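Here is a short report on one protein model. Look at the pockets first, then at the chain around them.

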Amino acid sequence: MPIPAFSDIGKAANDLINKDFYHTAQATLEVKLKTPTGSNVTVKGKQGFDSVTTGSVEGKHTLKPNGTPKSRPVSFKQAPPQRFVTLLHMARKLPVDLPGELWLFCLGLPNGQMDRNEVRLIYHQTGVTVTQAWTTGAMLDSKIEFVDTLAPGVKIDLQNIFFPNKENSAAQKLNFAFKNPNVHSRAFLNHSFMNNNINAVVDITAGHEGFLVGAEAGYDVQKAAIKGYSLALGYQTPTYTASVAGTQNLSIIAASFYQRVNSSVEVGAKAGYDVQGAKASGLELATKYKLDPLSFAKAKINDRGIAALAYSTKLNAGTTIGLGLSLDTAKLNEAGHKIGTSLTFEG
């Protein structure tokens, strides 16, 4: 299994407990469209029980599918000059699928190293994704992602968040990620014009034969001080995962467990402990049952007696409806229970 990022250790249990229950306290509408050029457009609307309506529009376009460095031989009618290395600059008419294949350089080696009638052409197919989002809160979120552009396994995100109606509200984020079969590391640099400060967060996860160990640390550049750290241990297999994580300078310990019992049933649990307060900080249990290939039902309950039920079904190839109910089992005869719906269109 691939090595998860630090924040994704225990993700299977977190998704089972939290995902799909969001509409138990609100009504949501989501429309997903794909344009003929391959761009993805997502429109979201939400109304909570406080009668506040919010929405967002997001457009995402991938300029070129992700690729990996490749090489192929190219024959020349005439042999290259007898030099130790011959550098041949080559150009190609643009545009070519932005950029399609970038012909970077050719290296010709003398006899004994390579056939004098053959050089090796090296090129790289880049993966660039541009995302632009706008919300009813007047937030403009622009992001450019470079995947495997500099090197295999390297991802770079450039993000700018801007509120046009607020002075000095812009914020920039620069994210780096590197992943291989045994290590997943990331670095996040955040800059805000509000206080003109730069914060950095670095995390790393290493794994071997299912065992995982991860660490995260935050650094305040203005104060030149570490502002927080976390540690995590985990074990994952295709059918179950278990993890223990200490966050907020190890002041909160959380343990989670997830298991896929069979093709239809999943179960999960999560428990927390407040080290400073010397008390439990929460316990949640959840299960998911797949009714058929298009429908599933979920249920969860926590240590405060709050139970939630969720049901989702795909009406057709492009329409999904979800229903949710939240109950306070200690006050069943009182008002305060919540019901919600979600409707998703894809096309």
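By class, nine nonpolar, three polar and six charged residues line the second largest pocket. Here Ala, Val, Leu, Ile, Met, Phe, Trp, Tyr, Cys and Pro count as nonpolar, Asp, Glu, Lys and Arg as charged, and the others, Gly among them, as polar. A pocket is an open set of points on a 1 Å grid over the protein atoms alone, where a 1.4 Å probe fits, with protein on both sides within 12 Å along at least five of seven lines; lining residues have an atom within 4 Å of a point.

The model is predicted: local features need pLDDT of at least 70, side-chain atom pairs count only at pLDDT 80 or more, and totals for chains, interfaces and linings use all residues. Residues are numbered from 1 along each chain as its sequence is written, and side-chain values use heavy atoms, with hydrogens and water left out.

The second largest pocket holds about 330 Å³ of space. Of its 18 lining residues, Lys155, Ala177, Lys179, His184 and Arg186 are the closest to its centre. S11 gives the largest share of this lining, four residues. Volume means the space filled by probe spheres set on the grid points, which are joined across faces, edges and corners. Helices (H or I, at least four residues) and strands (E, at least two) are DSSP runs, numbered from the N terminus.

The largest pocket has a lining of eleven nonpolar, ten polar and ten charged residues. Lys19, Asp20, Lys288, Phe296 and Ser312 lie nearest its centre.

Helix H1 (11-18) is among the elements that supply at least two residues each to the lining of the largest pocket. Which residues of H1 are buried? They are Ala13, Leu16 and Ile17. Seen down the axis of H1, these fall within an arc of 95° (taken from the directions from the helix axis to the C-beta atoms), so they line one face of the helix. Buried means under 20% relative accessible area, with a 1.4 Å probe and protein chains only. The buried residues of H1 pack against S17, S18, S19 and S20. Just after H1, Asp20 takes a positive phi of about 75°.

Now the whole chain. The protein chain has one helix and 23 strands. Buried residues make up 31% of its 347 residues.

Technical notes. Buried < 20%, exposed > 50% of the residue type's maximum accessible area, 1.4 Å probe, protein only. Contact = heavy atoms within 4.5 Å.
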